[in-house]
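Below are my notes on the two-chain model.

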Amino acid sequence: MNVPTMAEMMAQGKQPEVLFWVGCAGSFDDRAKKITKAFVKILNKANVDFAVLGTEESCTGDPAKRAGNEFLFQMQAMTNIEVLNGYEVKKIVTACPHCFNTFKNEYPELGGKYQVYHHTEFLKSLLDEGRLTIEGGKFKGKKITFHDPCYLGRANDIYEAPRDLIKKLDSELVEMKRSRAKGLCCGAGGAQMFKDAEKGNKDINIERTEDALKTNPNIIATGCPFCNTMMTDGIKAADKENEIEVLDIAELIANAEDL
Amino acid sequence: MNYINNILFAILLVVGIGFFVINIKKLTRNIKLGKDIDRSDNPKARWKNMAMIALGQSKMVKRPIAGILHVIVYASFIIINIEVVEIIIDGLFGTHRIFSFLGGFYDVLIGSFEILAFLVLIAVIIFWIRRMIVRIPRFWSKEMTSWPKNDALNILYFEMVLMSLFLIMNATDPEFQTFHFGNPISRFLTPIFNDFFSEHSIHLIEQGAWWLHITGIFIFLNYLYYSKHLHILLAFPNTYYANLNVKGKFDNLEAVTKEVKLMMDPNADPFATPAEDENETPEKFGASDVTDLNWVQLMNAYTCTECGRCTSSCPANITGKELSPRAIMMKTRDRIEEIGKNIDKNGAFKDDGKQLLGDYITPEEVWACTSCNACVEECPVNINPLSIIMDIRRYLVLEQSAAPQELNMMMTNIENNGAPWQYSQMDRLNWKDE
């Protein structure tokens, strides 16, 4: 696995095509790290000239902002923008819809203007440009349902890129009743990931997992490390972890290619 | 003596419209209690939103049954009101069906009004059945008891009565029934009246229906301000001034930007005395009361017609949490109304020891939100409950340091090591070799 850092690139006088923003989950969460690696393997295979920030990366500030801490958010944003602009970054790709949304929508006013891509959009463009090919054989006949991450779907109106990729796998894409703009949240957004839920009669991820189970899928696909955690927990709670896998789109593609 | 009806009518007209104007003034004053926000950009996109969403009802029909029934009521309501012009002229000048000189065209007009009135009657009855017999859950949430529930029913009854009066008024007008063909519905009612009443009584019924109909319209007009029904007017400005950005973009607080820039400026003198005017109070972060919200958010609250589509799609509410986006809007409106009445009574606002946060909206509600934007997506008139929730969170965190303990830990981690968990920034690339 080849993972150059921006610092190494700069030392060699090189400017990569795109910065891969790994994100906190992608860097530290055991489950999300697998998504990170799967995505890197695809980038390597497609010969994408990319780099990561490594130890120079820091939280985008999204959870702080959604929790109401605008001060901490802007501190994080300005620090990150200083680093990114220092490396003259033009293009960012990330596998986390929360990082994606923050970069795309909230950094520009603070001086951080980049072309920002969610990894599903980026993979789709690699495919369209012929830089990446997907052999679908492995998933033939499998039923895959896609859970729309709120910060990719409703927040940024991106519904098709992940679905287009799933369709390339020769699998059967089955939609949940609540999907696309009507998709139900997994329960992690708005900093909920980091706290206990308020008193209620059910956990949101259980409600959402039930939506997914109704489609009778072999695989629940997501495009967000937090959704992935929530849906994985939901599947465990339903005692279905031996039958149904929760996988990121990047993992699906990496698996299809035996990466 | 002959003029007594005309004078009575003129008084009714002046009182009806005058009272309405007073209420509209109160409404705009209350909305302006909100902070300023610039929504004058991109008029083209704004007009388009208004045309599509308010006029064209594009978001209403996303739930087809309620949507189509609503389109019937809404379109008919606007069209039938053309008839009010004739009623007003007749009332003021003592004429009878002044526009009937239009001949065939008049009959086509009144004929279509009759059909629309009949459709409205049917639609409103179905609405009532959905609410009271089918008991669709969103009409029975806990914020929909007492006044909100009665308010909704009052409006349905009002519409039923108004439409019936219009049809009765036509059915009991023998001249209209004889010489016109604009009576596709009322012609079926006329024989019933003829069977039971004398010619004289029928004339009295017609007069009565005519007066009750126009009086009812004026009462309804003035009921608006006190009801959830202001959306028939406010849906238009509300969709025009709604947020045009993608839903994921939350505003960056400018006051914070200034401070953060100052903190990060290596040339800033930390001991310099602030240049600002001593008397200037530092800007308050976030919102604890409605006057901390902006006027668009307050207009949102007055526009809300409590349909509950937001709440029925809210993941927190679906799973039994306290939070209901509709209740956020209703409570915001209740608090502005309270402040408005306070101003009416005292000339200027007199501290009542209350505020939106705590007395109306609890922190528990605010912290249950996942910021998923489902409520914003659902609202047929582009109300944004999420923006109010976020502003209250900001107040809780920035002014009161009152976030839930786990969130404080998360934020401390971000501050100390640049991640919401306790991992060292130096380990960020470890995954590569694992």
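1. Along the principal axes, the C-alpha atoms of chain B fill a box of roughly 95 × 55 × 40 Å.

2. On provenance, this is a predicted model, in which local features need pLDDT of at least 70, side-chain atom pairs count only at pLDDT 80 or more, and totals for chains, interfaces and linings use all residues. Residues are numbered from 1 along each chain as its sequence is written, while chains are lettered from A and ligands numbered from 1 in the order in which they are written.

3. Buried residues make up 38% of its 434 residues; buried requires 20 or more other C-beta atoms within 10 Å of the residue's own, exposed 12 or fewer, partly exposed lies in between, and C-beta atoms are placed from the backbone. Of the contacts in chain B with a separation of 6 or more, 76% are between residues 24 or more positions apart. Two residues are in contact if their C-beta atoms, placed from the backbone, lie within 7 Å.

4. Chain A comes to 11 helices and eight strands. Its radius of gyration is 18 Å, close to the 18 Å that the globule rule gives for 259 residues, so chain A is as compact as a globular protein of that length. The C-alpha trace of chain A spans about 50 × 45 × 30 Å along its principal axes. In chain A, 59% of the 259 residues count as buried, and residues 24 or more positions apart account for 79% of the contacts with a separation of 6 or more.

5. Which domains does the assignment give for chain A? They are domain 1 (6-126) and domain 2 (134-256), with bounds from an automatic or database domain assignment. Their C-alpha centres lie 22 Å apart. The contact between them takes 27 residues from domain 1 and 26 residues from domain 2. On the domain 1 side, H2, H3, H4, H6 and helix H7 (119-128) of chain A each supply at least two residues. H3(A) gives the most, with eight residues. That side divides into 13 nonpolar, six polar and eight charged residues. Here Ala, Val, Leu, Ile, Met, Phe, Trp, Tyr, Cys and Pro are nonpolar, Asp, Glu, Lys and Arg charged, and the others, Gly among them, polar.

6. The contact between the chains takes 57 residues from chain A and 55 residues from chain B. Among the elements of chain A that each supply at least two residues to its side are helix H2 (23-28), helix H3 (30-45) and helix H9 (204-213). H5(A) gives the most to that side, with seven residues. The chain A side divides into 23 nonpolar, 18 polar and 16 charged residues.

7. Two backbone angles deserve a look. Most residues other than glycine have a negative phi. A:Glu88, not a glycine, has a positive phi of about 50°; A:Glu88 is in the loop between H5 and strand S3 (91-94) of chain A. A:Glu88 counts as exposed because it has 9 C-beta neighbours inside 10 Å. A:Arg180, also not a glycine, has a positive phi of about 50°, and is found in the loop between strand S6 (172-173) and H9 of chain A. With 15 C-beta neighbours inside 10 Å, A:Arg180 counts as partly exposed.

Technical notes
Helix = DSSP H or I, 4+ residues; strand = E, 2+ residues; numbered from the N terminus. Rg over C-alpha atoms; globule rule 2.2 N^0.38 Å.
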